[in-house]
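Student: I would like to go through this model and check its labels against their cut-offs. Where do we start?

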Amino acid sequence: MSKAFIAAVLQDLLDCSGVAATKTADDLVGAVVAELKQKGGFTLPSFGTFTVHKTKARKALNPRTGEPVKVKAGRTVRFKASPVLKKVV
């Protein structure tokens, strides 16, 4: 799914212009990102939960050369589907 797809769905449902639908899709994605940054999680009932998890620093291999590379610690987003979504899909 992309922002363009979300904008197209919003445009059809709300019967608004493409510019307004694109702005609304951008605002929606921005709100989700802001919530993840601020609170570390976001739940959309009947859809699922997005959570931020910390990753540890580790060693990996460069696939091209095979030499070891250090990977810094960071954060990633995980998604867990709700039981309603699992049942539908």
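Tutor: Start with the surface. In this predicted model, Met1, Phe5, Val9, Leu13 and Leu14 form a nonpolar patch with about 600 Å² of accessible area together.

Student: What makes Leu13 exposed?

Tutor: Exposed means over 50% relative accessible area. Leu13 has 69%, so Leu13 is exposed. Leu13 is found in helix H1.

Student: Why is Asp15 called exposed?

Tutor: The cut-off is again over 50%. Asp15 has a relative accessible area of 71%, so the label holds. Asp15 is in the loop between H1 and H2. Asp15 also has a positive phi of about 55 degrees, although it is not a glycine.

Student: Why does Ser46 count as exposed?

Tutor: Its relative accessibility is 51%. The label needs over 50%, so Ser46 counts as exposed. Ser46 lies in the loop between S1 and strand S2 (48-55). Its phi is positive too, about 70 degrees, and Ser46 is not a glycine.

Student: Now the largest pocket. How much space lies in it?

Tutor: About 370 Å³. Of the 13 lining residues, the closest to the centre are Met1, Ile6, Leu28, Val32 and Phe50.

Student: Which elements give two or more residues to that lining?

Tutor: Helix H1 (3-14), helix H2 (18-39) and strand S1 (41-44). H2 gives the most, with 5 residues.

Student: How does the lining of the largest pocket divide by class?

Tutor: The lining has 11 nonpolar, 1 polar and 1 charged residues.

Methods
Residues are numbered from 1 along each chain as its sequence is written. This is a predicted model: local features need pLDDT of at least 70, side-chain atom pairs count only at pLDDT 80 or more; totals for chains, interfaces and linings use all residues. Side-chain values use heavy atoms; hydrogens and water are left out. On a 1 Å grid over the protein atoms alone, a cavity is a set of points where a 1.4 Å probe fits but cannot get out, and a pocket is an open set with protein on both sides within 12 Å along at least five of seven lines; lining residues have an atom within 4 Å of a point. Grid points are joined across faces, edges and corners, and a volume is the space filled by probe spheres set on the points. Helices (H or I, at least four residues) and strands (E, at least two) are DSSP runs, numbered from the N terminus. Ala, Val, Leu, Ile, Met, Phe, Trp, Tyr, Cys and Pro count as nonpolar, Asp, Glu, Lys and Arg as charged, and the others, Gly among them, as polar. Patches are made of residues with over 30% relative accessible area and no salt bridge: like charges are joined within 9 Å, nonpolar side chains (Val, Leu, Ile, Met, Phe, Trp, Tyr) within 5 Å. Accessible areas come from the Shrake-Rupley method with a 1.4 Å probe; for residues, only the protein chains shown count as cover. A salt bridge is a side-chain nitrogen of Lys or Arg within 4 Å of a carboxyl oxygen of Asp or Glu. Buried means under 20% relative accessible area, exposed over 50%, partly exposed in between (1.4 Å probe, protein chains only).
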